[in-house]
Amino acid sequence: MSIKSGKRTSLSVWQVVIIGIAYMTPMTVFDTFGIVSQITEGRVPLAYLLAIAAVLLTAISYGRMVRLHPSSGSAYTYAKNVCGNNTGFMVGWSSLLDYIFLPMINSLLAGIYLQTLLPQVPVWLSILIFTTLVTWVNCCNIKTLANANFIFVGIPVILMGVFVYFVIHNLLVEFGSDHIWTIKPLLNGNDSITPLISGAAVLCFSFLGFDAVTTMSDETRQPEYIIPRAIFFTALSGGAIFFVAAWFIQLYYPDNSGFKNPMEALPEIVLYVGGKLFQVLFLIAILFNTFASALASHASAARLLHIMGKDNPFTSRFFGYLHPKNNNPVYCVLLIGLVSLSSIFIGLNTAVSLISFGALVAFSAVNLSVMIHFAFNHKQISSLREIFINVALPLSGLGCVAIMWLNLDHDAFVLGSVWATLGIVWVIYCGCTKKEIVISE
């Protein structure tokens with residue numbers, strides 16, 4: 001049983017986009033700025049432009065596969081339909097690292113932020129309350145989630161607008177208008193390419209949520225029309241927010257010399273620009289942003305589990321269950337909530353490492369699926385146009401992903417490989433027992 005079998009929830013393009021932007025956590029630009037500014041030698045905005053271009057290439061591949069297979073499941077569904085059940089299982093299994101661990105990270109970050117705001121409350125209790133609330137909202141109708149994210153994404157974006165105002169005001173008072181009307185944040189007197197590519201590779205991980213909107217396919221009336229647009233607009237809108245924020249931060253901080261700790265520059269950025277009160281408000285906004293990301297990532301993870309689980313004869317009874325009223329995979333939602341609670345015991349570094357591996361597997365698989373389906377299976381390479389859209393574009397996307405693979409943390413690769421090996425063992429076991437991992441829809 002799939003989500004399609006019930007009454008289809010009618011999410012609009014922009015409701016899906018808001019869920020995707022929430023997943024991407026726009027305020028992460030402040031967390032990563034000091035790191036990327038050091039890598040790029042003070043050219044963070046230009047690195048974001050390169051990252052946006054790279055991500056959009058893969059987003060185009062996602063959009064094309066959604067039109068062919070307009071159902072939830074994201075890279076798992078596309079790889080399964082194009083390359084077979086076992087390949088689809090391995091892609092989905094690896095992608096689960098991205099989907100399952102992000103809700104856990106959001107719970108962990110919420111505990112850290114709440115500990116700063118309310119030091120008298122134990123971290124474990126903050127995580128428990130936060131995760132319970134996120135799980136409860138996800139147990140409701142998906143439209144409740146989408147509408148809630150309008151609020152929890154809107155508040156941080158408004159506060160980012162206030163930040164931009166403070167930057168402009170402070171620079172006008174101190175240096176005059178000539179310091180505002182400049183392209184220095186884009187070039188910063190440096191023309192070296194290698195640091196930019198390295199910085200863009202790091203920033204691409206800020207876009208990991210754009211593909212998560214594909215898991216909402218079964219909850220839109222025309223997924224083959226709405227979801228491709230939502231994927232593109234999510235990547236583009238998120239990229240625009242990142243770029244504008246990075247531009248004004250770089251304008252205020254041309255280099256890292258003004259930071260005591262460039263690796264954790266966010267508190268210093270907002271303190272020096274807006275003062276202590278603004279710093280507190282910004283921290284609250286980050287908490288809202290984390291809640292929005294937790295809602296979106298929790299929903300996407302539950303739906304991927306539902307799609308994969310219902311295809312497996314051993315797990316379909318549990319993972320395939322849908323709530324009769326809200327038409328959502330409530331058991332999967334509750335399971336993701338329980339996994340998120342493990343953030344009470346697990347460290348941030350481990351969870352972050354596993355997310356990156358899962359996302360890159362999915363990105364690689366989708367670009368390859370486009371080439372295999374159109375160029376190899378259907379031989380649509382008879383004209384320059386077909387060669388461009390069926391080979392050159394997905395190959396370019398795959399090349400960008402390859403750069404991200406080269407910049408992947410060593411621990412992420414090792415831990416991800418261990419997880420993938422477990423999936424391979426399961427494939428071999430099912431093959432030896434003459435049982436299919438998944439059943440055809």
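The structure is a predicted model, in which local features need pLDDT of at least 70 and side-chain atom pairs count only at pLDDT 80 or more, while totals for chains, interfaces and linings use all residues. Residues are numbered from 1 along each chain as its sequence is written, and side-chain values use heavy atoms, with hydrogens and water left out. Helices are DSSP runs (H or I, at least four residues) numbered from the N terminus, and contact means heavy atoms within 4.5 Å.

**Helices α5 and α6**

- The axes of α5 (residues 85–117) and α6 (residues 123–139) come within 8 Å and cross at roughly 125°, where axes are lines fitted to C-alpha atoms over the stretch in contact and angles run from 0 to 180 degrees between N-to-C directions.
- The two helices α5 and α6 are therefore oblique to each other, the class left over once angles under 35 degrees are taken as roughly parallel, over 145 as roughly antiparallel and 65 to 115 as roughly perpendicular.
- The crossing of α5 and α6 is right-handed, a term used if the near helix is turned clockwise from the far one by less than a right angle.
- On the α5 side, N106, S107, L108, A110, G111, L114 and Q115 meet V123, S126, I127, F130 and T131 of α6.
- The residues of this contact divide into six nonpolar, six polar and no charged, with Ala, Val, Leu, Ile, Met, Phe, Trp, Tyr, Cys and Pro counted as nonpolar, Asp, Glu, Lys and Arg as charged, and the others, Gly among them, as polar.

**Helices α2 and α11**

- The axes of α2 (residues 28–40) and α11 come within 12 Å and cross at roughly 155°, which makes α2 roughly antiparallel to α11.
- The crossing of α2 and α11 is left-handed (near helix turned anticlockwise), and F30, D31 and F33 in α2 meet L266, I269 and F282 in α11.

**The largest nonpolar core**

- A nonpolar core is a set of buried Ala, Val, Leu, Ile, Met, Phe, Trp, Tyr and Cys residues joined through side-chain atoms within 4.5 Å; of the 132 residues in the largest one, F30, Y62, F163, F207, F210, I269 and F282 touch the most other members.
- The largest share of this core, 22 residues, comes from α11.
- Not counting residues up to four places away in sequence, F163 touches F30, I249, I269, V273, F278 and F282.

**S300 in α11**

- S300 is found in α11 (residues 266–310) and, at 1% relative accessibility, counts as buried, meaning under 20% relative accessible area with a 1.4 Å probe and protein chains only.
- Leaving aside neighbours within four places in sequence, S300 is in contact with Y23, Y99, A212, T215 and M216.

Technical notes
Buried < 20%, exposed > 50% of the residue type's maximum accessible area, 1.4 Å probe, protein only.
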